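Welcome! Take a look at the structure below, and then we can walk through some of its contacts together.

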Amino acid sequence: MSVSANNAHEFLELKLGATPEELRKAYLALVRQHPPDRDPEKFRDIHAAYQLLSDPLAQATALLTPSRDKPDLMAVIAEAEKIRPRLAMLNLLALGNEAK
Amino acid sequence: MASRKSKQKNKGKANRADLAKRQNQRLEKRLDPAAAAAAKSLEIRPVVGSSERTEDAAIFNREQRLSLAEPLQVEAANVIESLELTSLGKFEDAIAKLKDIARSSPFSDWRLFVRGLHAFYAGDVETARQNWSKLETKRRPARIASTLLLAETGMPLSDAIASHQKDLLEHTQSLRLRKNAVTAAEAIAKVRHRDPEVTFSISQFAMLLNFISSFRKLDPEFVSRVGQTCVGLSIKQGDLEVFDKLKKLVPGPADDPNWNRTKSTYLLDFKDTGDLMEKASLAYIEQDLPNLSGMAEPLKKALSCQIYLQVATAEAERSESEFSFGFIFGSRNVDYKGVNSLLRKAIQCYPTYRLGHEKLIASLKKEFEWNDRSYDGTKERGARLEKEILAAKEAMVRALPDEVETSLELIDIYLDEDELEKANALVKNLSGQRLEDPLAKALPWKLKLKEAMRLSRRKADLAMASKALEEAEAIWPVWLNKNWLPFLKAGLALRGGDQASFEKRTAEARESQKTSVLVGDLMTFAALQEMNIPGPDLKVFRTGVEPKLEKANELKLSDLFSIGSFFWDLTRTGFKHKGYRMQASKAGKAFVKKLKSFTQEDLSPVQINAYSWGAFHKFWPSGNDPLPSPDFLRRARKEPRLAAAILSWLLGLSWFPRNRIADYVPLMAIVKEAARTEKDAFYRYQFDKVSDGFNAIFQELNAEEERRKSYGSRSDGYDDDDEDEDDDDDEFDEDDFLDDEDDLLDDEDDSDDELCDCPDCRAKRARATKVFDNELRSQPKVIADVFAKLGPSGAVKIAQIIQQNLAPEQFVTAIGKLFLSYGVSPDKTIEFVMFIKNQPGAFEEDFSSDTDPDAKAVKQSIDEIKDARKRREKELERKKREASRSSR
């Protein structure tokens, strides 16, 4: 998955409205985990995401530029298959009901 | 006849309605068990058991929770919050909530449980089991864990708690239901479309509807992802009917919850959708953005700014396209007030957005030009617009102090208006920057010269004026000749009353420069005007110039060349004297007229200057035509300075003829090439600037093309019939949808564009691609690169263009247009054109010089591709006939 305005936050594990301080903190934390000499590819993505999120105009431009690629529904499905659905809290708790 | 047709159509419709019904029934049958299981799964609620510990019951029972000691109530609340966060996928936050629960706490089992649950949700059953193996078996966390493991692996957490789970197992369906949801989603994804332009059909929409209603409550995240992807697919096709229905059904992503931004971006690239686009854009800015509490404010402002700009640009372009001769007369249809208001709003949202300022200034200039040319333009309006342009430029420089070009323009205006303080402030501001523009570097010289001219007003200041002139001389730009300087000095001497010095200096200057009488008179007159010689004294010099220019058609061409060269220096340095406008207009028109009989091939520097001046001022007879006269174009192809002057003129137009851009590709190639070797700093910078300007336009055009290609091919995004029927504010009505469905299925069934997916046809397509790939490898690199981008159809088009035996300029134009339409980069286009152009005999008849191996190779390459295509087509045709015969 390449970095785009739509997923840059995910790359840096940030919320949409993160402040510049939070952005910087998240960036530095991830760079420590994935330094350029050891993990150059990941670092490139992290850096690209950071640059995109640091510049609101660039981010807005990217958000307003439609992707040429068609969304891949099969890829979304394949991704979903890797993760189990999460149960609603009460349903989960009910799985511990005592036997009748 | 009509009635029979109508009956046939109705019959066809009925058949297709049956088909749709059957399709839906099959779908429901497939989805029903899943939906039922989902409902069953969702029925279950936690119940306090007879041997339940209070701490465990406290997690879902308020009374039990309140019966706990206060510190334990806090821990219970933390566990609840942690479980809620887990259900939202916020695992880190969920773990953080439990960090204060000690090992000795009765809630420590819940902490362990949550950790295991996270591993379980991430698909790591082993880690989950390890965490959960430490749980106390008689408590609720262990029972939940055991049920989950039993459902997932068939093995409970321990035999001690295995018995009770069998009753509960049916309630774990939700875990396994993901498989059903996945199957249903795959069914949607696997629908094949007969029309290759359809990316999401109405039958897929029907399937998605069922999918959402079946799995929405059970697996909201997956349903949301699938739904959003489907909306994304629906907007990739040429019409918005399905998108409009889908967007009411599927909430958009966090930054575009109502899909308004997506819709406005889509509509931007279609004609005749201005109102719809504006409506969606403004809904996003005014209704959606203020409510997006999760979005950072700077991003909101940047988005608002750019969307306002998009709406304004689209509105202006739409109005222009409605008026075919807008490029000549200005666009009277443009709602300048509305457009400029949107542009101002854009700047207000984000004052440092350069493009916003540029667009506002361009729009105001365009309005000014329209007012100037229009029969209903007024002087008052012109004056107001001049002020608005000035204010817009000042606002731009205030917001962007490093903006060089606008600063230079403002400095010229201030100098003309004698507002030296304002000019000085800007010069000071620019002096802090590292400037490459020779004109910007020459600012101190310009200021000094202007200062000398200003000081010459008062006789008491003449000594200072003379000193300023000397200082200007000392820093005279190396790229500018000093021809005018002795005339300026002479003018200053006359202003001081030293007639003898004046005469001596002018005579020397005339002699050394070998100017004609008229040109010498003109340079003297211009200098005297700038040195503030009083009107009565000036009269005698005026009579030596202006009556002659009134009859400029009678002047010798050599004089007009010299006048043009002198005026070119004044134009490029921004030193147009008071009478310049009238004199230039008269001389320019006569100059261009006389050039018709000018046949000399190689131009002298003076002649090149005069041509450049003529081009820059578009003095050719059809002055409003976006193309210069053929003579200018022919000479510009040999002379980069002239080419650059033409391109500079074009770039300065507020109505740049973007549809004619391919016509300028050859000129741009020449200028770009010359930039590498030009020694004159002024021209070298100008060549680079022109290249950059055109590259930016090419990039913009390519980006637009890319955007267009990212959607389907319909012109307006809507089917003509129901464009007005679909009101955005309507709630989605399933009955309406089902009524429409027949018509839409109609379209799908009628289409015969389907690519056959049988093994035979797939293999044929693969073979065809292989042939084309092999051909590519055998081409010269530049041709191969271009062909790779264009594909087989583009290669054939190139061959067709070459075979037309076009004149060089027509060939280049045709190639340029073709390449642009395929999104080939300007660099590659130029490289290709230069490659072809440099082939000896390239433009000779049919490229068929047998003696020229290169030209022959080019032709051969093209012929080979054509032959290969013909062979391929014949082969396909033959196979088709065979298949047809065998089926009979």
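## Helices, core and salt bridges

Helix 30 of chain B passes helix 32 of chain B in a left-handed crossing, meaning that the near helix is turned anticlockwise from the far one by less than a right angle. Helices here are DSSP runs (H or I, at least four residues), numbered from the N terminus. This is a predicted model, where local features need pLDDT of at least 70, side-chain atom pairs count only at pLDDT 80 or more, and totals for chains, interfaces and linings use all residues. Residues are numbered from 1 along each chain, chains are lettered from A in the order in which they are written, and side-chain values use heavy atoms, without hydrogens and water.

B:Phe567 is one of the residues of helix 30 that meet helix 32. B:Phe567 is also among the residues with the most contacts inside the largest nonpolar core, which has 88 residues. Such a core is a set of buried Ala, Val, Leu, Ile, Met, Phe, Trp, Tyr and Cys residues joined through side-chain atoms within 4.5 Å.

Now for the salt bridges (a side-chain nitrogen of Lys or Arg within 4 Å of a carboxyl oxygen of Asp or Glu). Three of them are listed here:

| Pair | N to O distance |
|---|---|
| B:Asp244 and B:Lys263 | 3.2 Å |
| B:Glu471 and B:Lys448 | 2.9 Å |
| B:Glu673 and B:Arg676 | 3.7 Å |

B:Asp244 counts as buried at 1% relative accessibility, whereas B:Arg676 counts as exposed at 66%. Buried means under 20% relative accessible area, exposed over 50%, and partly exposed in between (1.4 Å probe, protein chains only).

Note on methods:
Helix = DSSP H or I, 4+ residues; strand = E, 2+ residues; numbered from the N terminus. Contact = heavy atoms within 4.5 Å.
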